[in-house]
Amino acid sequence: LNPLGPIKIPIGLPSLIHGGKAPSKLGTFASHGCVGLTTAQVKDFALQLAQLSQTDLTSEAINTRLKNPTQTQVVKLKQVVPIELRYETIVLEDGKLHIYKDVYDENTNSEENLREVLEANGTKLEDLNEQQRTEVLAALNQMSAHPKAMPSPSPSPSASPENERRKQKQASKKPPKNQKEIVIDLGSALASKGYPAPVNLDDGTGKATR
């Protein structure tokens, strides 16, 4: 019945990496500062952590330990593994821009921070085409802690009425209430830039998605 799940990993009191979260809670404001994962994810992470620290720990050993949930058992790492926790809501990953909701209200989804992310990867906001800039700035606003009403785009002299109606509809559409991120593909110019794409990512179901 422990809300922290069956495995907890101290990362400097009072913060922990722990399980017990439902997949729907991931990426939401549902923690007091810990890194919450599903139980399947924290088991997988514990195995990776053991491998990095040259600690003898297998999936079978974890499953055996979990059969007795009333007894706490401690596994000490043989080597220190340094960590760095970042609150990043604008992330370039393999050429795609991920803009996450600013749940901690730190005003991180700003044009200034966007420019820093792009420039760290060898490009500028002005290098994006008009459609990309419009999408990115609208996404920043939608994922901010206090989104503002966006004005309807001015009609382009050369655009057809049908395209203009489509743009007006897109601009006025509100994001889903529980939307956690917006992903924008910035095209070939930024292909392979930023963080590498996840490998064998567990989205909370206990199975790798890729």
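Predicted model: local features only at pLDDT ≥ 70, side-chain atom pairs only at ≥ 80, totals over all residues.

Visitor: Let us begin with helix H3; which of its residues are buried?

Guide: Two terms come first. Helices (H or I, at least four residues) and strands (E, at least two) are DSSP runs, numbered from the N terminus. Buried means under 20% relative accessible area, exposed over 50%, and partly exposed in between, with a 1.4 Å probe and protein chains only. In H3, which spans residues 111–120, the buried residues are Leu-114, Val-117 and Leu-118. Viewed down the axis of H3, the buried residues fall within an arc of 95 degrees, so they line one face of the helix. The arc is taken from the directions from the helix axis to the C-beta atoms. Glu-112 and Ala-120, on the other side of H3, are exposed.

Visitor: Against which elements do the buried residues of H3 pack?

Guide: Contact means heavy atoms within 4.5 Å. The buried residues of H3 pack against strand E4 (90–93), strand E5 (96–100) and helix H4 (130–142).

Visitor: Where does Asn-121 lie, and is Asn-121 buried or exposed?

Guide: Asn-121 is in the loop between H3 and H4, and it is buried, with a relative accessible area of 18%. With neighbours within four places in sequence left aside, Asn-121 is in contact with Leu-92, Leu-190, Lys-193 and Gly-194. H3 is also followed by Gly-122, whose phi is positive, near 80 degrees.

Visitor: How is a pair of aromatic rings described?

Guide: Such a pair is described by the distance of the centres and the angle of the planes. Rings of Phe, Tyr and Trp (its six-membered ring) pair if their centres lie within 6.5 Å; planes under 30 degrees apart count as stacked, over 60 as edge-to-face and the rest as tilted. The structure holds 1 aromatic pair. The ring centres of Tyr-87 and Tyr-104 are 5.3 Å apart and the planes stand at 80 degrees, so the pair is edge-to-face. It links distant parts of the chain, 17 residues apart: Tyr-87 is in the loop between helix H2 (59–66) and E4, and Tyr-104 in the loop between E5 and H3. Tyr-87 is partly exposed at 33% relative accessible area, and Tyr-104 is partly exposed at 38%.

Visitor: Which residues form a nonpolar patch on the surface?

Guide: Patches are made of residues with over 30% relative accessible area and no salt bridge; like charges are joined within 9 Å, and nonpolar side chains (Val, Leu, Ile, Met, Phe, Trp, Tyr) within 5 Å. Accessible areas come from the Shrake-Rupley method with a 1.4 Å probe, and for residues only the protein chains shown count as cover. Here Phe-29, Tyr-87 and Tyr-104 form the patch, with about 320 Å² of accessible area together. Phe-29 sits in the loop between strand E2 (16–18) and strand E3 (35–36), and counts as exposed at 55% relative accessibility.

Visitor: How many salt bridges are there?

Guide: Side chains of opposite charge can pair when their charged atoms come close. A salt bridge is a side-chain nitrogen of Lys or Arg within 4 Å of a carboxyl oxygen of Asp or Glu. By this rule the count is 4. One of them joins Glu-126 and Arg-115 (2.8 Å, N to O). Glu-126 lies in the loop between H3 and H4 and Arg-115 in helix H3, so the pair ties together parts that are 11 residues apart in sequence. Glu-126 is partly exposed at 47%, as is Arg-115 at 24% relative accessibility. Salt bridges that share partners also join Glu-84, Arg-86 and Glu-88 into one network.

Visitor: What is the phi of Asp-94, and what is that of Asp-105?

Guide: Asp-94, in the loop between E4 and E5, has a phi near 50 degrees, a positive value in a residue other than glycine. Asp-105, in the loop between E5 and H3, has a positive phi near 55 degrees.

Conventions
Residues numbered from 1 in each chain as written. Heavy atoms only, no water.
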